[in-house]
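Dear colleague,

Please find the structure below, handed over for your records.

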Amino acid sequence: METGIWPLYYDSFSLGVSPDRLVIDPENEGAVVATYEAKCPVSGKLMNPPHPEYLLQVQAQIHAAGVEEGYLHVWTPEKSSYYRVTRDDLLWATVIKVAERFVVHHLRRDVPPPAAKDLSKEDDALLRSDIVNLLGATTTMISI
Amino acid sequence: MERGPSKDIEHYKSLKQGSEEWLQARKDFDLTASELGPALGLGRFHTRLQLYRAKKKKASSPTKKEGKGAQKAFEYGRVHEADAAQEFQ
């Protein structure tokens with residue numbers, strides 16, 4: 001099912017989430033049971049595992065739609081890869097903490113974040129490493 | 001401080017992705033899910049600094065278009081997303 005923006009509002013910032021589709025259960029009054037996100041790389045190359053950026057997007061969709069899982073479909077004209085991503089509330093709490101810092105400490109205060117080469121020196125470096133590890137643990141390649 | 005929705009949530013959910021109204025409504029939020037990666041320093045194509053500059057630029061010049069490369073990738077994804085979804089079903 002096609003859909004629009006599913007908002008998430010937190011204490012100090014808001015997140016707009018647009019899943020490409022919602023997976024519904026026709027036998028349960030059309031209840032939303034999962035989210036679906038398609039990635040169609042212009043390069044035509046599949047990547048395994050998927051990039052953390054894509055997995056973050058799916059976690060956001062899972063939380064916005066209030067479901068337990070989401071599907072990520074990396075599509076090329078020749079072949080596809082499919083992944084099942086499971087909800088992880090601990091991971092999400094860490095994501096929100098780091099995202100909030102970006103919005104509050106940088107966007108709102110007009111303070112540019114440090115350049116990429118200096119990221120490892122930041123307080124968030126350990127959290128980022130945790131996030132990447134946890135994202136990997138939530139993702140399973142599936143065949144359809 | 002709790003920040004409430006500026007518009008009705010059902011209105012947001014009803015917007016057609018890719019439409020002008022959807023593109024405008026995305027600006028109601030501090031971040032979109034596709035910006036989470038760069039915002040956390042985990043972007044595939046953009047750094048946090050690039051995202052920061054892009055958002056500041058958009059705020060001061062709301063009609064500013066994306067770069068050609070980003071537009072091409074967005075358009076390719078938009079065109080083929082329906083193919084992908086059909087294959088998934």
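**Findings**

R101(A) is placed in helix α2 of chain A; helices here are DSSP runs of H or I with at least four residues, strands are runs of E with at least two, and both are numbered from the N terminus. This is a predicted model, in which local features need pLDDT of at least 70 and side-chain atom pairs count only at pLDDT 80 or more, while totals for chains, interfaces and linings use all residues. Residues are numbered from 1 along each chain as its sequence is written, chains are lettered from A and ligands numbered from 1 in the order in which they are written, and side-chain values use heavy atoms, with hydrogens and water left out.

With a relative accessible area of 26%, R101(A) is partly exposed; buried means under 20%, exposed over 50% and partly exposed in between, computed with a 1.4 Å probe on protein chains only. Its C-alpha atom is separated by 34 Å from that of A31(A), which is 70 residues apart from R101(A) along the chain.

**Helix packing in chain A**

Helix α2 (residues 89-107) of chain A packs with helix α3 (residues 124-137) of chain A at an angle of about 140 degrees, and their axes are 10 Å apart. The axes are lines fitted to C-alpha atoms over the stretch in contact, and the angles run from 0 to 180 degrees between N-to-C directions. α2(A) and α3(A) are therefore oblique to each other; angles under 35 degrees count as roughly parallel, over 145 as roughly antiparallel, 65 to 115 as roughly perpendicular, and the rest as oblique. R101(A) takes part in the contact (heavy atoms within 4.5 Å), together with L91(A), T94(A), V95(A), K97(A) and V98(A) of α2(A). From α3(A), the contributing residues are D124(A), L127(A), I131(A), L134(A) and L135(A). By class, this contact has 7 nonpolar, 1 polar and 3 charged residues. In that scheme Ala, Val, Leu, Ile, Met, Phe, Trp, Tyr, Cys and Pro are nonpolar, Asp, Glu, Lys and Arg are charged, and the others, Gly among them, are polar.

**Salt bridges**

The count over all chains is 9 salt bridges, each being a side-chain nitrogen of Lys or Arg within 4 Å of a carboxyl oxygen of Asp or Glu. One of them joins E69(A) and R84(A), whose closest N and O atoms are 3.3 Å apart. Because E69(A) lies in strand β5 (residues 69-75) and R84(A) in strand β6 (residues 80-86) of chain A, this pair ties together parts that are 15 residues apart in sequence. E69(A) is partly exposed at 23% relative accessible area, and R84(A) is likewise partly exposed at 30%.

D89(A) and R87(A) also meet through their side chains in a salt bridge, at 2.9 Å from N to O. Here D89(A) is partly exposed at 48%, and R87(A) is partly exposed at 27%.

In chain B, a salt bridge links the side chains of E35(B) and K55(B) at 3.0 Å, N to O. E35(B) lies in the loop between β1 (31-32) and α3 (36-39) and K55(B) in helix α4 (residues 48-60), so the pair ties together parts that are 20 residues apart in sequence. E35(B) is buried, at 13% relative accessibility. Leaving aside residues up to four places away in sequence, E35(B) touches D30(B), L51(B) and K55(B).

**Chain B overall**

Chain B has 5 helices and 1 strand, running α-α-β-α-α-α from the N terminus on. Of its 89 residues, 30% are buried.

Yours sincerely
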